[in-house]
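Subject: Structure handover

Hello,

The structure is pasted below for your files. My notes on the sheet and one of the helices follow it.

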Amino acid sequence: MSDELLKPLLRRDPIVGRWVISGRVDKNWTPEELKKFVEKHEKTGKNCPFCPGNEKMTPPEIMADRPQGGHPDTPGWRVRVVPNKYPALKIEGDLDKRGIGLYDMSNGIGAHEVIIETPDHFSELADISVDQIQKVIFAYKTRCLDLKKDPRFKYLLIFKNYGRVAGASLEHPHSQLIALPIVPKRVREELKGAHRYFDYRDRCIFCDIIQQELYDRIRIVADNANFLAIAPFVSRFPFEIWILPYNHSSDFSEIEGDEIADLAQILKESLYRLKMALDDPPYNFIIHSAPVGDSNSEYYHWHIEIMPKIIKVAGFEWGSGFYINPTPPELATEYLKAVEYK
Amino acid sequence: MPELRRDPIIGRWVIIATERAKRPHDFSKTAESAVDNPEECPFCEGHEHMTPPEIFAFRDDKTSPDSPGWKVRVVPSIAPLLRVEGDLGRRGWGVYDIMNATGAHEVIIESPQHITHFGKLSQEQIRLVLKTYVQRIDDLQNDPRIKYVMIYKNYGKEAGGGHLLHTKSFLIATPITPKRVKEELQGARIYYGYKDRCIFCDIIRQEQEMGERLILENDFFVAISPFASRFPCEVWILPKNHNCDFYKITEKELTSLAEILKEIMNRLETGLNDPPFNFIIHTAPFRKKVKPGYWKTLEWDYHWHIEIMPRLTRVAGFEWGSGFYINPLPPEEATKFLKEGVNNE
């Protein structure tokens, strides 16, 4: 590995132009330092609305994987999707955009769903079978395809908050989907950055990143026939991981067949390596995909970003959009690779 | 019905989740407190040898640097994120860009006594702290490598406050204008281009007129709950006199700012049971060696101010992915609460 990359550097994300301070002047942080910040999360398993038998505690289900059939909102499911009981946005009504003096507002229209990833309260994505994760990914895809039909929705965001520090309020393994009436700012920035690169080079920046990572070979965390998992060159967080499909596609919901199986495999492997390297840290993951109606774009490439939440984001990051990452991604890769994965 | 509100300056959207509106008291449970031992505190008077040599201090006559007798003291960070030495060395790495981590990272020690909350400082002491900020920015603007100076506070564990509880703020000087700052400047410039007025001046006028988000005002400042507050009980303090550079603040304004800042800090502390918070001074970048036409109207279109963000809700996957925030407390409610703060005591 090039020693140059282990020195404190300012690294610029080539897509959105965000800068990251990577590496430390005194000593780069290894898992030893990072683990001190990882809060233990022990599950109590009490009064869980997502456990089998408690189906009545959630709003009526939207879909479920029931291999033996059976009635909705009863046990016997493997993956279950329900509306969020306390939605950030409501599904009924119109946007009704309006102004108050110089301010703009609209009604909070949108969908907010919860994907319950397994009936087993005490397991996690890093532990459950690849087959089970495939069912989860299939549920994501199915919900996207359905929500895309609603003309009010411009963007579908799928994400997971794991652990209290990362914003999870319930213990039971779950992810969430929010359908938004506008394309959010961060997404627009990312699209703009990718578009600018494409204008200049006539190539997809994510495809170029894949090429460079396969050539450098110092940030590859895992790979299989259809996907590559890397510690991104401009990691904002220690042990950040991105999963990219080799096949250029801008829309996650078009994933098919082998790709679903391979994504399940690499997602599990990445989360497992992360869990082992850092004593089960809290994390968020987000599926970055093109806005509704913008599929087949040449310049955008869907992917998943996994962001371990070990160090608190403080005033400087808020004010500047600069991030401070004490573990260079090349170092994180070494530790992630060292984890034994069968 | 939950609302989507758009920050008029940088275009960030916030979900005001009225449906699950919470009372400010619901958040205070998560506020965390801790203790610390002054004997081991490197920022207490008499422990000057425990920090790197001081950069600046307000101190009594005939006292020497790195000895007792100071009121506010500035030292380099013991583990700086950016180093003062060396050049930028901008270069590429395949598709990526890198440069050396050059800049400054300083700690402003706000009191010689072991006080842990900013609001507990006297108004005069807060004025000296603010004056120290001004001095440091004024000094750093002489360094041609530095484009921006950011001054901020992290208070409490959830807000990224470290293990040292002694009241302090930080200064980071960067060789580029940070992205968020640029976005804010751009938003202000677009509005100015359209209306020929400063958006912040317009916000102050509208808030004074409407009143429902105006928390406090004194001679030179207003404190408001911003229309698109990202966090419950977020507060912005804006100078009534238009100026883009914080460090050009007048002596009278300094006194007035110390007064309003102390009052707001105390109301947040008592009202929310000592919440963790971040505060950031938003000010214009240095404007030397500019490209022609660059920042041409900045002095008219930008308006420095302070943003105080209590950190009682957690920023999770959704906010990260979208840049949307979910705020369960409408700012109008927060204003009522922060206004009543005094009467409750």
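Two strands count as paired if DSSP finds at least two bridges between them. Strands (E, at least two residues) and helices (H or I, at least four) are DSSP runs, numbered from the N terminus. This is a predicted model, in which local features need pLDDT of at least 70, side-chain atom pairs count only at pLDDT 80 or more, and totals for chains, interfaces and linings use all residues. Residues are numbered from 1 along each chain as its sequence is written, chains are lettered from A and ligands numbered from 1 in the order in which they are written, and side-chain values use heavy atoms, without hydrogens and water.

In chain A, ten strands make an open antiparallel sheet, in the order β3-β4-β7-β9-β8-β13-β14-β12-β11-β10.

β10(A) is joined to β11 (residues 227-230) of chain A by three bridges in the antiparallel sense. A:Ala222 has A:Ala229 in β11(A) as its bridge partner.

Now the helix. The end C-alpha atoms of α5 (residues 257-277) of chain A are 31 Å apart, which agrees with the 30 Å that its 21 residues should span at 1.5 Å a residue; the expected span is 1.5 Å times one less than the number of residues. Of those 21 residues, 16 are buried, so α5(A) is largely enclosed by the rest of the structure. Buried means under 20% relative accessible area, with a 1.4 Å probe and protein chains only. A:Asp279, which follows α5(A), has a positive phi near 55 degrees.

Regards

Note on methods
Buried means under 20% relative accessible area, exposed over 50%, partly exposed in between (1.4 Å probe, protein chains only).
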